[in-house]
Amino acid sequence: MLEKTLGLKPEIREDLLLYSDCEIGKTFEALISAELSTPEKEDIELAILSTNEPLNLRIFKRLKKLSYYLELYANRDFVEMLKEARLTVHFHTIIDGAERDIFGYECLTRGVKNNGDIVPPKILFEVAKMTDLLFYLDRASREIAIKTAAVKGIKEKKVFINFIPTAIYDPKFCLSNTIAWAYKMEYNPSNLVFEVVESHRVSDLKHLKEILDYYRENGFKVALDDVGSGFSNLESLVVLKPNYLKIDMEIVRDIHKDKLKQSICRALVDIAKENDIKTIAEGIETKEEFIFLRDLGIDYFQGFYFSKPAPEPIRKLEIDL
């Protein structure tokens, strides 16, 4: 196909086709226009070599499916964004029900396009998964959250920082930069809370426990999100013993009208209190939800009812609790 579209003639070596002096952009445009089938994209493997790079066995380790490179090329703006660390943080307030004051903030990563437009996290992390760059985005997100929270002067509050456990294969290696930045920015470790993202999808609890134990060994706190969204969460709760559990917004929504949700939430609160775990209800949108959950014994609250995520952390509550 490259012979016809670009006039390139390959050099054949064993089972390899070698194309020299390729212009990357034109090459991928040609591959895209060829409209290859999904099986073809999965079967063809490709490695990109620099000029005059010797051909040896190490090349085979770099071979990746053509589908991977096509995704990477299609999302090259995202790759550039990550390479240039064009990320920013929005802060979502967490409320202390007893003190009726701000308890802390959850740090939410956003991407920034060249024109300044903001890329929402759902798109950001979906593209990272497709392009096999989740590890780099997850690490960059943790670090930018730590730095930005320090710059904004909220280190004396609890700062919740999300992380994706499947992106961390070795805690001591993968988290070393995160830990280093936390100490460099002179945090009290107990004020940093590392929150598991999509904990209900984690299958390897042993690996996740190793990650959380590593955080705790360094003095940090840990949180489990989306608790109540599935039976697996109850097992996670027992095995992981987090400092905080965040009750899923599907349980929170209209809880004052739903007896089943009330029973589930009441059971979670009882389990948490018996094990010295603090509870956070997330996704609160109405006064009725807040009042019911506060009376039920929830410790902390988060949701649009109090505030929306914003680049500048809210310093004072505008709502009467």
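Predicted model: local features only at pLDDT ≥ 70, side-chain atom pairs only at ≥ 80, totals over all residues.
1. A quick overview to begin with. The protein chain holds 15 helices and 13 strands. Of its 321 residues, 45% are buried. The chain exposes about 17,500 Å², and carbon and sulfur atoms supply 52% of that area.

2. Among contacts in the protein chain with a separation of 6 or more, 64% are between residues 24 or more positions apart.

3. Which residues of S9 lie on each side? Leu 192, Phe 194 and Val 196 are on one side, while Val 193 and Glu 195 are on the other. Both faces are covered, with all of these residues buried. As a reminder, side chains in a regular strand alternate between the two faces of the sheet.

4. Now for the neighbours of S9. Strand S8 (residues 158-163) runs parallel to S9 and is joined to it by 5 bridges. S9 also pairs with strand S10 (residues 221-227), again in the parallel sense, over 4 bridges.

5. Glu 195 is worth a look in your viewer. Glu 195 of S9 is the bridge partner of Asn 162, and its own bridge partner in S10 is Ala 223. Glu 195 is also one of the buried residues of S9, on the side with Val 193.

Terms used. Residues numbered from 1 in each chain as written. Heavy atoms only, no water. Helix = DSSP H or I, 4+ residues; strand = E, 2+ residues; numbered from the N terminus. Buried < 20%, exposed > 50% of the residue type's maximum accessible area, 1.4 Å probe, protein only. Contact = heavy atoms within 4.5 Å. Areas by Shrake-Rupley, 256 points an atom, 1.4 Å probe, with all protein chains shown as cover. Pairing = 2+ DSSP bridges.
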